[in-house]
Amino acid sequence: MNKVLFLVNGEVGIYNLRRELVQELLDDNYQVYISCPAGEKTEKLVQMGCHHIDLRLNRHGKNPIEDFKLLAYYLRIIKKVNPDAVLTYTTKPNIYGSLAAKILKIPFVTNITGLGTAVSNSGILQKLTIFLYRLSQRSSVITYFQNNSDLKFFQEKNVIGTKYHVLPGSGVNIQQFNLLPYPGNEQPTEFIFIARIMKEKGIDQYLSTAEYIVNKYPRTKFHVCGFLEDNYKEILQKYEKKGIIEYHGMVKDIHAILEQMSCTIHPTYYPEGMSNVILESAASGRPVITTNRPGTKEAIINGKTGYIFEAKDTEGLIARVEQFLSLSHKQRVKMGTDGRKYITENFNRQIIVDEYMKTIRGICGND
């Protein structure tokens, strides 16, 4: 029986975004091993039939000793499992997991889920990270990218060879994120921000826009969902006290929240691969206002399924929100259904599952 080892940062990402791939591997009688810290989704993965290997190292630190420990850990795990294929996601597993697989001569497949700040911000850390990527990626069976801009960056930095492919992000499960009924015309227009609460996700632009719009258009509401990062607790409390926003914290069922929303605003300028927030919102029939950035702009058709504005431009975001508010109820509903159609045709998660299964079967000689 063939074995596939996933090296990932967290169990939530693999359960929420790659569960369909895991299930297809299990259905095809592959043994699936997952190396990541234990968390709330771990037991669900085990119940599916996966083998979990706990990871107790610092995955985000910049200490070279910790990074060496991570490489040693991956070497130990890969030796123990002896998989037929190793699949890696996010920066540290991509670098150190791939290097370990390369050293042990195990075929590996990498997914560049976004450049991240270590690669996108110039400096010594960027040079080191690119060097480490270059060491590993020339030996990958294939390197998957989630947008063309990231691929171009890696090509310009001479990181990869000729074995690469651009996927439509992590895709979206269009059955799980089904088309939701659009809120009635008599209800207030409600906007939502769904992301980690951090500067690079555009929370400052969102809050400033919310304050302006709520004061000018009383029949509007603004919501914020996500894990608090940086020092935004007091800031959110201040805006909530003034009646500008409603903060929901971490939401397990975002589908239920989207049901009452008129539009998703995703003002990020963080270097991500492909925004799952946009894919899930649009699949649910919600127009999206987002930035003109790689990983966001590809997921909407400007003027048809939502609107694009320049990152960090609060006035530009306000203008787009006002443009949306000027639409009739019928036009908003159509914008949402057009978005659903675009996502269904271009970002269905089954596209990613089929591509991975073709690659894995080829590695294991099961094609």
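Here's a quick briefing on the aromatic rings, ring-charge contacts and cysteines in this structure. Keep in mind that this is a predicted model, where local features need pLDDT of at least 70, side-chain atom pairs count only at pLDDT 80 or more, and totals for chains, interfaces and linings use all residues. Residues are numbered from 1 along each chain as its sequence is written, and side-chain values use heavy atoms, with hydrogens and water left out.

**Aromatic pairs**

- Rings of Phe, Tyr and Trp (its six-membered ring) pair up if their centres lie within 6.5 Å; planes under 30 degrees apart count as stacked, over 60 as edge-to-face, and the rest as tilted.
- Going by that rule, there are 12 aromatic pairs.
- One of them joins Tyr144 and Tyr356, a tilted pair with 4.8 Å from centre to centre and 45° between the planes.
- That pair links distant parts of the chain, with Tyr144 in strand 6 (residues 142–145) and Tyr356 in helix 15 (residues 349–364), 212 residues apart.
- Helices (H or I, at least four residues) and strands (E, at least two) are DSSP runs, numbered from the N terminus.
- Tyr144 and Tyr356 are both buried, and buried here means under 20% relative accessible area, with exposed being over 50% and partly exposed in between (1.4 Å probe, protein chains only).
- Phe191 and Phe324 make an edge-to-face pair, at 5.8 Å centre to centre and 70° between the planes.
- Phe191 belongs to strand 8 (residues 189–194) and Phe324 to helix 13 (residues 314–325), so their pairing ties together parts 133 residues apart in sequence.
- Phe191 counts as buried because its relative accessibility is 0%, and Phe324 is buried at 0% too.
- Ring pairs also bring Phe191, Phe193, Tyr206, Phe222 and Phe324 together in a cluster.

**Charges over rings**

- A charge sits over a ring if NZ of Lys or CZ of Arg is within 6 Å of the ring centre and within 35 degrees of the ring normal.
- Arg19 has its charged end over the ring of Tyr15, 4.6 Å from the centre.
- Lys242 has its charged end over the ring of Tyr239, 5.5 Å from the centre.

- Cys263 is in no disulfide, and its nearest cysteine sulfur, in Cys225, is 14 Å away.
- Cys263 is buried, at 0% relative accessibility.
- For Cys364, the closest cysteine sulfur is in Cys50, 16 Å away, so that's too far for a bond.
- Cys364 is buried as well, with a relative accessible area of 15%.

Key. Disulfide = S-S within 2.5 Å.
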